[in-house]
Amino acid sequence: MRVPILKQGNYLIASIQSALSDEDLIQLHDDLAQRVGKYRSKGVIVDVTVLDVMDSFATRTLRDLAQSVRLRGAETVIVGIQPEVAFAMVQLGLELGNVHTALDLEEGLELMGGLPV
Amino acid sequence: MTVDTRHIPIRSDVDIVEARVATRALATRVGFSSTDQVLIATAVSEIARNIVEYALSGEILVAPMDSGRKGVEIIARDDGPGIVDLSKALEEGFTTRRGLGMGLPGARRLMDEFDITSKVGRGTVVRMRKWLS
């Protein structure tokens, strides 16, 4: 299922609506990298609230996504990682590297506003 | 209440999602906490992806355990190429593909019991369990 991407001012908001397959995640990466250029966006927020599993592949894809977006001149904030998912990620030794995170969409937008882009 | 065993054929990345959903649903019915449900579903996701990446197709069985102690048992089976060096495959960070090398060691870390047998040219069987605490 394709993730809807909403343009709001200088930002793009990708709200994941359901569990995603690997292909869906790769599609999201490609869509965002492309649209950051199309809309000259300064920031991308990826809302993962509905994801109840973030395994090694999902984590790596989100990290790659943030890196691609950064190379395109914008910043990424991942919002909505659930407490159980965070716990599982720590147990697995998964890290998002230097990717920004925020509790929810509201805090993500606030954080984005303060980022030097 | 009886909880039925689930059998999920694994052929593509879409089946990985299916395996996760089925596992979480079963873990919920066995009585696992939401934290444990996510740990178990994540372990299943890792081993299901290993099947898709290395063996192309296989199957995952998720079964409730209720002989004195409650829990869940997961068996992942494939007829793939098998694993030449098992101890290496269980090392963290070791991968021959696009993954992070987290699959097997990661799943092992998330579960209480983990056992793997593999025959080169015949396939691999992963058996793992988590007990209700």
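## The sheet of chain B

In chain B, 5 strands form an open sheet in the order E1-E2-E3-E5-E4, with antiparallel pairing; strands, like helices, are DSSP runs numbered from the N terminus (E, at least two residues; H or I, at least four for helices), and two strands pair if DSSP finds at least two bridges between them. Strand E1 (6-10) and strand E4 (113-119) of chain B are the edge strands, each having a single partner strand, so one side of each is left without a neighbour in the sheet. On average, neighbouring strands of this sheet are turned by 15 degrees against each other, direction ignored.

This is a predicted model, in which local features need pLDDT of at least 70 and side-chain atom pairs count only at pLDDT 80 or more, whereas totals for chains, interfaces and linings use all residues. Residues are numbered from 1 along each chain as its sequence is written, and chains are lettered from A and ligands numbered from 1 in the order in which they are written.

Strand E2 (58-67) and strand E3 (69-78) of chain B pair in the antiparallel sense over 10 bridges. Within E3(B), Arg77(B) is the bridge partner of Glu59(B).

## Helices on the sheet

H1(B) lies across E1, E2 and E3 of chain B and runs at about 165 degrees to E1(B). Axes are lines fitted to C-alpha atoms, for helices over the stretch in contact, and angles run from 0 to 180 degrees between N-to-C directions. H2(B) also packs on the sheet, touching E1, E2, E3 and strand E5 (123-131) of chain B, and its direction makes about 10 degrees with that of E3(B).

## The helix pair

H1(B) and H2(B) pack at an angle of about 150 degrees, with their axes 8 Å apart. That makes H1(B) roughly antiparallel to H2(B), a term for angles over 145 degrees. Residues making the contact include Ile16(B), Ala19(B) and Thr23(B) of H1(B) and Ile40(B), Val44(B) and Ala48(B) of H2(B). The residues of this contact divide into 8 nonpolar, 4 polar and 6 charged; Ala, Val, Leu, Ile, Met, Phe, Trp, Tyr, Cys and Pro count as nonpolar, Asp, Glu, Lys and Arg as charged, and the others, Gly among them, as polar.

## The interface with chain A

Chain B has 24 residues in contact with 17 residues of chain A, a contact being two residues whose C-beta atoms, placed from the backbone, lie within 7 Å. Helix H1 (13-30), helix H2 (34-55) and helix H4 (103-110) of chain B are the elements that give two or more residues to this side. The largest share, 9 residues, comes from H2(B). By class, the side of chain B that touches chain A has 10 nonpolar, 7 polar and 7 charged residues.

Methods
Angles under 35 degrees count as roughly parallel, over 145 as roughly antiparallel, 65 to 115 as roughly perpendicular and the rest as oblique.
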